[in-house]
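Here is my note on the model you sent. Please read it with the structure open.

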There are 2 protein chains.
Amino acid sequence: LLNGSPPRLSRDLPRPARPAGEARVRMRLAGICDTDPQLARGYMGHEGVLGHEFVGDVLEADDASWVGRRVVGDINAGCGACPDCLERGGHHCPRRTVLGILGRNGALSEELVLPERCLRAVPDSVSDEQAVFAEPLAAALHVLDAHSAGPVTVLGDGKLGLLIALALRGAGVDVTLVGHHPEKLGLARAQGARAILERDIDPARDAGDVTVEATGSAAGLARALELCRPRGTLILKSTVAGETSPNLAPVVVNELTLVGSRCGRIEGALEVLQRGTVDPRPLISERFPLAEAERALARASEKGVLKVLVENG
Amino acid sequence: LLNGSPPRLSRDLPRPARPAGEARVRMRLAGICDTDPQLARGYMGHEGVLGHEFVGDVLEADDASWVGRRVVGDINAGCGACPDCLERGGHHCPRRTVLGILGRNGALSEELVLPERCLRAVPDSVSDEQAVFAEPLAAALHVLDAHSAGPVTVLGDGKLGLLIALALRGAGVDVTLVGHHPEKLGLARAQGARAILERDIDPARDAGDVTVEATGSAAGLARALELCRPRGTLILKSTVAGETSPNLAPVVVNELTLVGSRCGRIEGALEVLQRGTVDPRPLISERFPLAEAERALARASEKGVLKVLVENG
């Protein structure tokens, strides 16, 4: 799925080469993230196949014990040799490629290639429909690494905000999801999170010490700044490609701390899915066959639609 | 000095009333800050006399022991009763007024009024020319509260950036000041700080773990984001009134922490001035009599000018 071009699926492309140390994986199910339409419009300058949420089967690998296993993957493929890779997992390796985002073809394809060290085997008790959420759920759980204690307000009831609310709730955090869509807020409530309409919020009364920005819009960031108490923490989860941000004077005046938070530990997400403390499946809006991946991408951008999955039938 | 109006000095105004618990102070020397021209253009909606950097003599106070003492002041006049006032000094009191900034006439006047609890006596060994820097130096030293360890890069060689570099250097921090003006960088070098021209910086080589943004421009903020290593900390010191900010996607992608930092402890600044570990006097560009306060304000906005002082002769 190239910028403005027709979708590139593996039947249109040569079968991807498999470099040493990497595995070839047959995609079973892939998910579409809000970043994908942004990437399709040119964000990051990505020119390959999109898709970074997947579950699949290993077809080929240097380490034969991977072959035949059902896997998900850490999308950050670091160089494997720099201090960030050796000491911190490579999410900030300056030479990394990122599946479907940066210099590496993604999962909206019959097959994908990823370093074996990025693979994680999926336990049998975790279904494909759960496992395909491993990557976004790991990103949602990563909020816990930036949050020490106390109640959290999550702003944005899109798929990322919902997943963050469910992840925090599953971890026992006192969480309130704030959004515009009663039916989406209902999904959070069904799993025990507090959820309220944005129009019912009064910053003077409801501003908290920890807010998570997951709206994906510049207006949402401005609202999140209002919802942060002086000396509070605002965790930024959504990139807003291309747009400028609101004036940051309130960050200085109110001495806020803004913490950027991106990818998390895939194995942590698999553990949560296995324990069942978070069930992401109610977020699935629709499924498309791989041949209709471009329609799926368009559908995922429509208002009110949550997770769109693409299956390799 | 009102928005677009002629300067309001005390001879044009009724003598300010002195509410209970507040002191009347005769201004000796006042400093002009980069925020002042912004306030004059409408930032914060301030409609009174400008000026929040001063040293003066107490003329009247409820507590007679203040009368006749030479003082500087904490510019944040909290309500004195809320949790923020009782537990944290009131810098974030929701009902605060702020000298020359928010709901309280400032120091560019013959006399000013400030709660007695905001006053700090100036030691005899500290001159007026040093003491007038107590407020901005306290704000500069406050960077230390957001910084745990390691080298710091300060971006911006205006009066705030310079003062921050000197404050960090005086505290033993390994600091590099980055700016555009060789003569200003020279002032930092003269007190032991490393200082380099912005054009000699290569983010790939020079990005550090802790950066301080003190440029006062949206372009400076964008540059500061580049100069932060992944997982690094960016301390925001300057408000940029009215302007939007650059896209914050790098904050998320590189998982940066942005910390807003405003006012500091005035008594900490007086201690530093008394010990002499920081000498702010080389930053003084020019002095004007109070009758020429408006000219002083215009002069302070000119390129290359550092601290402009106004004296009540």
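**Notes on the model**

1. R231(B) comes first. At 38% relative accessibility, R231(B) counts as partly exposed; buried means under 20% relative accessible area, exposed over 50%, and partly exposed in between, with a 1.4 Å probe and protein chains only. R231(B) sits in strand β13 of chain B. Helices (H or I, at least four residues) and strands (E, at least two) are DSSP runs, numbered from the N terminus. Phi of R231(B) is near 65 degrees, a positive value in a residue other than glycine. Most residues other than glycine have a negative phi.

2. A word on the basis. This is a predicted model, in which local features need pLDDT of at least 70 and side-chain atom pairs count only at pLDDT 80 or more, while totals for chains, interfaces and linings use all residues. Residues are numbered from 1 along each chain as its sequence is written, chains are lettered from A and ligands numbered from 1 in the order in which they are written, and side-chain values use heavy atoms, with hydrogens and water left out.

3. E255(A) also deserves a look at its backbone. Its phi is positive, about 50 degrees, although E255(A) is not a glycine. The residue lies in the loop between α9 (249-253) and β14 (257-260) of chain A. Is E255(A) buried or exposed? E255(A) counts as buried, at 6% relative accessibility.

4. Next, how the copies are related. The same surface serves both copies: 100% of the contact residues of chain B recur in chain A. Contact means heavy atoms within 4.5 Å.

5. Now a helix pair in chain A. Helix α4 (residues 134-141) of chain A packs with helix α5 (residues 159-170) of chain A at an angle of about 65 degrees, and their axes are 8 Å apart. Axes are lines fitted to C-alpha atoms, for helices over the stretch in contact, and angles run from 0 to 180 degrees between N-to-C directions. On the α4(A) side, P136(A), L137(A), A140(A) and L141(A) meet L163(A), I164(A) and A167(A) of α5(A). By class, the residues of this contact of α4(A) with α5(A) are 7 nonpolar, no polar and no charged. Ala, Val, Leu, Ile, Met, Phe, Trp, Tyr, Cys and Pro count as nonpolar, Asp, Glu, Lys and Arg as charged, and the others, Gly among them, as polar.

6. Helices α4 (residues 134-141) and α5 (residues 159-170) of chain B pack at an angle of about 65 degrees, with axes 8 Å apart. P136(B), L137(B), A140(B) and L141(B) in α4(B) meet L163(B), I164(B) and A167(B) in α5(B).

7. D57(B) is in strand β2 of chain B. It counts as buried, at 17% relative accessibility. Which side chain does the side chain of D57(B) make a polar contact with? The partner is the side chain of R28(B), at 2.9 Å. A polar contact is a pair of N or O atoms within 3.5 Å; within protein, one must be able to donate a hydrogen and the other to accept it, and residues adjacent in sequence count only if both atoms are side-chain atoms. Leaving aside neighbours within four places in sequence, D57(B) is in contact with residues including R24(B), R26(B), R69(B) and R70(B).

8. N312(B) is found in the segment after β16 (307-311) of chain B. N312(B) is buried, with a relative accessible area of 10%. A polar atom of its side chain lies 2.9 Å from the backbone oxygen of M27(B). Beyond its neighbours within four places in sequence, N312(B) is in contact with S109(B), E110(B) and L290(B), among others.

9. N247(B) lies in the loop between β13 (228-236) and α9 (249-253) of chain B. At 19% relative accessibility, N247(B) counts as buried. A polar atom of the N247(B) side chain lies 2.7 Å from the backbone nitrogen of A249(B).
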